[in-house]
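Welcome! Please have a look at the chain below before you read on.

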Amino acid sequence: MDQQEVTLLLLIDLSAAFDTIDHAILLETLEKDFGVTGNALKWLTSYLSERKQTILIKDHESEVFNLQSGVPQGSCLGPVLFILYVAGLFKVIDKHLPNAHMYADDTQIYHSFRPDTSLSQDAALKSIENCVADIRAWMLSNRLLINDSKTEFIIIGSKQKMSKININEIAVGESTIVGEST
């Protein structure tokens, strides 16, 4: 705001993020991108292998089946493994925007700009929408999914700069997200 800019902030919601982490992709990412090898990789492979689950609906229980994806969200290791799994997402975001924040499955991307012309606003909106399109493609290739309808955006700025804003919505996949301003 000191730079006479407003910030368009997009809060990306993921669908069942911890449940959809593919074990094979995770182990490959840990080895290739983070250099996890030897006993550490064997331990993580053991931690992820032979996980089983059943589903109970009312008084009917399914047969036991093996899990090929997912990490326990409630454990200390689950959020860490998720962050390592999606670390490549920062490379995707860096192509479009200078800033992003991530904690576990909460991802925020934002773009600050001067709202003085409709051209600058259109450019900011296009940067965000192009970034989201590439994020969606990366996530699909890594078996993750944005929950389009639960993704939100907000524009933050001074009262004077906010009066110039004419961005009311952002396209996220098949959804049109209506924003809030403050």
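Predicted model: local features only at pLDDT ≥ 70, side-chain atom pairs only at ≥ 80, totals over all residues.

**Helix H5**
- Helix H5 covers residues 118–141, and its 24 residues should span 34 Å at 1.5 Å a residue. The end C-alpha atoms are 35 Å apart, which agrees.
- Several residues of H5 are buried, among them Ala-124, Leu-125, Ile-128, Val-132, Ile-135 and Met-139.
- An α-helix has 3.6 residues a turn, so residues three or four places apart point the same way.
- Which elements cover the buried residues of H5? They include strand S1 (6–12), helix H3 (77–85), helix H4 (89–94), strand S7 (106–113) and strand S9 (169–172).
- Just after H5 comes Arg-143, with a positive phi of about 60 degrees.

**Strand S1 and its partners**
- Most of S1 is covered, with 5 of its 7 residues buried.
- S1 runs antiparallel to S7, and 7 bridges join the two. Ile-12 has Thr-107 of S7 as its bridge partner.
- S1 also pairs with strand S8 (residues 152–156), again in the antiparallel sense, over 5 bridges. Here Leu-8 stands opposite Ile-155.

**Asp-148, a buried residue in a loop**
- Asp-148 sits in the loop between H5 and S8. Is Asp-148 buried or exposed? Its relative accessibility is 10%, so Asp-148 counts as buried, the cut-off being under 20%.
- Leaving aside neighbours within four places in sequence, Asp-148 is in contact with Arg-136, Val-172, Gly-173, Glu-174, Ser-175 and Ile-177.
- The side chains of Asp-148 and Arg-136 form a salt bridge (2.5 Å, N to O). Arg-136 belongs to helix H5, so this pair ties together parts that are 12 residues apart in sequence.

**Other salt bridges**
- How many salt bridges are there? The count comes to 5.
- One of them joins the side chains of Arg-143 and Asp-22 (2.4 Å, N to O). This pair links distant parts of the chain, 121 residues apart: Arg-143 is in the loop between H5 and S8, and Asp-22 is in the loop between S1 and helix H1 (23–34).
- Arg-143 is exposed, with a relative accessible area of 52%, whereas Asp-22 is buried, at 10%.
- Lys-164 and Asp-116 also meet through their side chains (3.1 Å, N to O). Lys-164 lies in the loop between helix H6 (159–162) and S9, and Asp-116 in the loop between S7 and H5, so the pair ties together parts 48 residues apart in sequence.
- Lys-164 is partly exposed at 34% relative accessibility, and Asp-116 is partly exposed at 40%.

Methods. Residues numbered from 1 in each chain as written. Heavy atoms only, no water. Helix = DSSP H or I, 4+ residues; strand = E, 2+ residues; numbered from the N terminus. Expected span 1.5 Å × (residues − 1). Buried < 20%, exposed > 50% of the residue type's maximum accessible area, 1.4 Å probe, protein only. Contact = heavy atoms within 4.5 Å. Pairing = 2+ DSSP bridges. Salt bridge = Lys/Arg side-chain N within 4 Å of Asp/Glu carboxyl O.
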